[in-house]
Amino acid sequence: MLAVLTAADNASAAGCRNPDEIRLYIPRFAGPETLARNVATTLNLSIWPTLRRIPWPDNPDNNDFGRGTIIWDHEPLDEQSHEFASRAAQHPLVNAQLVLWGKAQPYGEGVAVEVNLTLPRYQDFRERRFEIWQVALPQGTVAVDLPRRRFELASIVMLPEALTHYNLPSANLVYAEPEMQQAIGTLGDSFVGLIFEHGRAKVRVGDVIGWVQAPNLSKVHPEVIEMTAGILRLFRCDWEGAASSMARVISNPGTPAAVRVDAHLYRGMALEQLGKSGRDEFEEAFALNPYSRTTIRYLVMSDLAALARQDLAATRRQELRERIAATLDQHYAIFPPDDAWLDQVEHLLSSLP
Amino acid sequence: MLTPFLLGVAGALALASAPAAHADRAEMYLFKYNGVRSEADQQAFDEFTEIVTTKLSRLADEVTQPDQDESPASHLSVILVIDPQTREHLPFRQSNSDLHLYWQRQAALAVLSGRVRKDQGIYSVLSRVYVGDLRGELESSFIEIALPIASEQYDTTRDSHSIVTLYALAMDIVERCGPLHEAIHLFGEAKLRLQDVVAAAPQMEMLHEPIEAGLRRAQQSCGGQ
């Protein structure tokens, strides 16, 4: 529960420097070994290109999003659960902020790949936690946590031709050249991505440098890649990148409603960090689920962020205060009686001039 | 978590004369569905059972909000009803009134039974989810979910059973005057997920009004408190 944090500095809209390495841990998916390994490898290849360190080609604000790393494991989780994913992330050799895990599940005539995302909260020795949205006012600082830390994304339905391909040990062949004429090896258990372009990647496998292809997992581009990439970007204060990724999650008709709510909240938060209003996004989330206190919190945070801006007219300040009070009053029933965040916001409102 | 449940007498349900007192209801009892005869039938049913029980075992993680350590779904479990001697997964072959007595005696959240069918080589499953006195504004205590066993229906199959479970959990809170903010949250989650499944499973639309009625009820004070 993050009602109060000791650090009160917001990410500047004029640029952001992330001092920490952010890690995504992808264990081998459970299920038939070759299929599950190849699916996880393809997800890895698809997410990795989104880990830009600096905006390109222009970086007028001198942003530095720090290191983003994908840690790959050739073994699946000991148990297919968020609890075990969380534990695995906290292993000293992993120290990950996100875990993408799942299972290739035979169902009917095909295979459905269930995909889960776990965002464990623990002392990972980072200097900054950009994923926690804080608003600092002279009277105090308020913060909200991520919308959810454990959720399931839409399953990936394996096309018959993809199924055949992904069952082959040679699914991720490494070729000598981009035209992929001469195979020189396979991806194996570890590799380093160098360049990603036009659905193929240049990688280094041990001492060998070559090219691999990342075939489509499904007819519909899975939101799993954009959602994971977007959240990774949030952790790294790549607000523009996060906002773009979440926009694609939102526009994907295959995105489950619960994930769409979160995507609106993430996009809104990213826009706020860029000095823009995320209010429209929060209202979209509210329209989808008006019974979530997380959504109400983000709506209120948007108004608190507006209050924190220095150049507001007194009448506008009053409007915002009244809107916050009205929002809380209308949705009181969805908060527990002893909600610390609610108490803090109400106390802060009462102390505003 | 799957936990084998031991019945009192082989082949029959041991029914007590009075229902057990309970706190919140958190157990869902899963009988073997009818129509499972061959190995292929069994495999289809096993695949269905696997995804439903796995999804329900994770439901708590998905609906527990970041500021909570646990939610009303945290103790949810799916229990296969098996014969204690043969360890065989048992079908339900008794009357609806017996089913209600069973639901009461076990203090169940819901009881799942149904049928597996094969038509022109395609398997489908009909789940009959019995929620007893937690029906609220539903026309019946039975909620029927009929879907093909096909990879394209994977999410709909999981989500439809999740929605029914969330509804029953929320109704249980309302019926026993529990923390109403939790009931509102669970009804809200059920309503949110309903948007995803009605296209593929139109019969789930039957839950729309009962969820709305549950939300209205949960936003009123309970028992004058």
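## Disulfide

A:Cys16 and A:Cys237 are joined by a disulfide, with an S to S distance of 2.2 Å; a disulfide here is a pair of cysteine sulfur atoms within 2.5 Å. The link connects distant parts of the chain, 221 residues apart. A:Cys16 belongs to the segment before strand 1 (22-27) of chain A, and A:Cys237 to the loop between helix 4 (223-235) and helix 5 (239-251) of chain A. Helices (H or I, at least four residues) and strands (E, at least two) are DSSP runs, numbered from the N terminus.

The angle about the S-S bond is -115 degrees, and the link of A:Cys16 and A:Cys237 is left-handed. A:Cys16 and A:Cys237 are both buried, where buried means under 20% relative accessible area, exposed over 50%, and partly exposed in between (1.4 Å probe, protein chains only). Over all chains, the count is one disulfide.

## Basis of the model

The model is predicted: local features need pLDDT of at least 70, side-chain atom pairs count only at pLDDT 80 or more, and totals for chains, interfaces and linings use all residues. Residues are numbered from 1 along each chain as its sequence is written, chains are lettered from A and ligands numbered from 1 in the order in which they are written, and side-chain values use heavy atoms, with hydrogens and water left out.

## Chain A

Chain A has 10 helices and 12 strands. Of its 353 residues, 56% are buried. Contact means heavy atoms within 4.5 Å. Among the contacts of chain A between residues at least 6 apart in sequence, 67% join residues at least 24 apart.

A:Glu281 is located in helix 7 (residues 279-288) of chain A. Why does A:Glu281 count as buried? Because its relative accessibility is 13%. Apart from neighbours within four places in sequence, A:Glu281 contacts A:Ile250, A:His264, A:Arg267, A:Gly268 and A:Leu271. A:Glu281 and A:Leu348 are 67 residues apart along the chain, and their C-alpha atoms are separated by 24 Å.

## Chain B

Chain B contains five helices and six strands, in the order β-β-α-β-α-β-β-β-α-α-α along the sequence. Of the 225 residues in chain B, 57% are buried. The accessible surface of chain B is about 9,500 Å², with 47% belonging to carbon and sulfur atoms.

B:Ala44 is part of helix 1 of chain B. B:Ala44 counts as buried because its relative accessible area is 5%. Leaving aside neighbours within four places in sequence, B:Ala44 touches B:Tyr123 and B:Ile149 by the contact rule. B:Ala44 and B:Val63 are 19 residues apart in sequence, with 29 Å between their C-alpha atoms. In helix 5 (residues 208-218) of chain B, the buried residues are B:Pro210, B:Ile211, B:Glu212, B:Ala213, B:Gly214, B:Leu215 and B:Ala218. These pack against helix 3 (154-175) and helix 4 of chain B.

## Cavities

How many cavities of 30 Å³ or more are there? The count is two. On a 1 Å grid over the protein atoms alone, a cavity is a set of points where a 1.4 Å probe fits but cannot get out, and lining residues have an atom within 4 Å of a point. Grid points are joined across faces, edges and corners, and a volume is the space filled by probe spheres set on the points.

The largest cavity holds about 150 Å³ of space. It is lined by 19 residues, of which A:Pro147, A:Arg148, A:Asp262, A:Ser292 and B:Glu189 are the closest to its centre. Helix 6 (257-273) and helix 8 (293-307) of chain A, and helix 1 (39-63) and helix 4 (180-197) of chain B, each contribute at least two lining residues. The lining has seven nonpolar, seven polar and five charged residues; Ala, Val, Leu, Ile, Met, Phe, Trp, Tyr, Cys and Pro count as nonpolar, Asp, Glu, Lys and Arg as charged, and the others, Gly among them, as polar.

## Contacts across the chains

A:Thr294 lies in helix 8 of chain A and is buried because its relative accessibility is 7%. Beyond neighbours within four places in sequence, A:Thr294 contacts A:Pro147 and A:Leu265, and also B:Gln65 and B:Pro66.

Note on methods: On a 1 Å grid over the protein atoms alone, a cavity is a set of points where a 1.4 Å probe fits but cannot get out, and a pocket is an open set with protein on both sides within 12 Å along at least five of seven lines; lining residues have an atom within 4 Å of a point. Accessible areas come from the Shrake-Rupley method with a 1.4 Å probe; for residues, only the protein chains shown count as cover.
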